[in-house]
Number of protein chains: 4
Amino acid sequence: MIIKIDFESEVPIYEQLRRQIIEGIALGNLKLGESLPSVRQLAEDIGINLHTVNKAYNELKSDGYLNIDRRKGAVVSETLPESTEDFDKKLEEGFTYLISEAYLRGKKIDDILQLCSGIFKKYIKIDK
Amino acid sequence: MIIKIDFESEVPIYEQLRRQIIEGIALGNLKLGESLPSVRQLAEDIGINLHTVNKAYNELKSDGYLNIDRRKGAVVSETLPESTEDFDKKLEEGFTYLISEAYLRGKKIDDILQLCSGIFKKYIKIDK
Amino acid sequence: MIIKIDFESEVPIYEQLRRQIIEGIALGNLKLGESLPSVRQLAEDIGINLHTVNKAYNELKSDGYLNIDRRKGAVVSETLPESTEDFDKKLEEGFTYLISEAYLRGKKIDDILQLCSGIFKKYIKIDK
Amino acid sequence: MIIKIDFESEVPIYEQLRRQIIEGIALGNLKLGESLPSVRQLAEDIGINLHTVNKAYNELKSDGYLNIDRRKGAVVSETLPESTEDFDKKLEEGFTYLISEAYLRGKKIDDILQLCSGIFKKYIKIDK
DNA sequence: GTGGTCTAGACCACC
DNA sequence: GTGGTCTAGACCACG
């Protein structure tokens, strides 16, 4: 599992980390039940502070993507969180924002659908 | 054009404003060439700081959505910005993030495509 | 609203703070919608680090007791969180632990019920 | 006597063990004077570290629930500890915390009393 | 002024 | 070894 942080980005480091771990699970690079590196290890590998890794791990934990096992450290949850009303709302808002701007910049509906399909298909082969 | 700000959102107020103006244009609630309320006016209507409105207008201006006219104030640009490489990248990143999480939470590809279509179709009738 | 921290306690400071704020709401010392002191202010008053206060506020926020308003700082939520399955489970576990030990130490059922009633009645007059 | 450890709980393993032994006594699954499994045996059965079991046993011993007998190993004390001022204080604090949060989440006084009664009655039939 | 982020370093509890 | 807690100090975005 390779993590790439853009230190120039507006997106906070812990959030970039959180997103890449989620995508890592979706892509199958991280299996359910698999252990993640310790906060210290990962922090050193990336070259950031361990508290920043900790924050990412904790957010993922409270969203249900990770569990903290007292013996094994952070592990990918065996049962991923389900869709909630809040998530659906967040999803719709996110898409609305992206699509409205894409529309103004001349994207056609097929451009959007194709882009989404392409992304989704990278995940669709993974068995949960 | 009605603006709704969520003061408890994680999204900054100026950014919420920016997004709603973009969506307003996409929906046709704001016509190309139409004047927006003055900074002062809008700030008062929404009950926010004048600088906040200013920041939103300025961002929209530098993205090419608005022009600042000395006499008419802020007006929606007659020629909207085109798609750029940067925008395409931002679009793909945004979709990747949303879709990977949606996938993990059990959304199917059809759910996503349908959601996107539904959003896009609200715009597609508008004549630019 | 007076906060008392026991620096000798096994309970972490941020957790003591969290509990006292919850009890403060229950007692009516903190009204719904009321603003809390800023993290810096409260940290200084109690004589602890601002990050510790921040952690307490953030936990209360993610549990739904507080909102972070971009203009007013932390405010008590207008609509308190409802009971969830998780909470019910936590509640039962907490009671089970306390009562089993109390039983072994000779407490009678009436002692327990009276203690609980006494505590609850301090809250029961508050109008939400 | 069956022990169930949740390795992902926030409650330390030794504390989970300690609580379950106390509840085991309260439920009558462990009789007064009965021997507990050896540290080594129990650690192996549960699949945890030997030191962890040891810590639980030692805490129970210093609270007066267990005696360490050179020949028979750990045995449940014949005379259970009485209520102390410290314990009463801990009990009240524990209830206060649980009840205040339950109150905010909409629990009624009868919900609480019924829950407590239900728990207590599981113990009340046991002859000490 | 507010909270959010990041770094740094320390100590502790747990296993 | 692991994560959890606390402190300290810095900088930034926001309003």
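Colleague: What area is buried between chain A and chain D?
Modeller: About 590 Å², and carbon and sulfur atoms give 45% of that. Buried area here is the accessible area (1.4 Å probe) that two parts lose on being put together, summed over both. Keep in mind that this is a predicted model, where local features need pLDDT of at least 70, side-chain atom pairs count only at pLDDT 80 or more, and totals for chains, interfaces and linings use all residues. Residues are numbered from 1 along each chain as its sequence is written, chains are lettered from A in the order in which they are written, and side-chain values use heavy atoms, with hydrogens and water left out.

Colleague: Which strand gives the largest share of chain A's side?
Modeller: Strand β1 of chain A (residues 66–69), with three residues. Strands are DSSP runs (E, at least two residues), numbered from the N terminus.

Colleague: And how many residues are in contact on each side?
Modeller: Seven from chain A and eight from chain D, contact being heavy atoms within 4.5 Å.

Colleague: Switching topic: what rotation puts chain D on chain C?
Modeller: A rotation of 180° with 0.0 Å of shift along its axis, at RMSD 0.2 Å. The two copies are thus related as by a two-fold rotation axis. The superposition is by least squares on C-alpha atoms of residues with pLDDT of at least 70 in both copies.

Colleague: Which C-alpha of chain D is nearest that axis?
Modeller: That of D:Leu113, 3.0 Å from the axis. Also, both copies use the same surface, as 100% of the contact residues of chain D recur in chain C.

Technical notes. Helix = DSSP H or I, 4+ residues; strand = E, 2+ residues; numbered from the N terminus.
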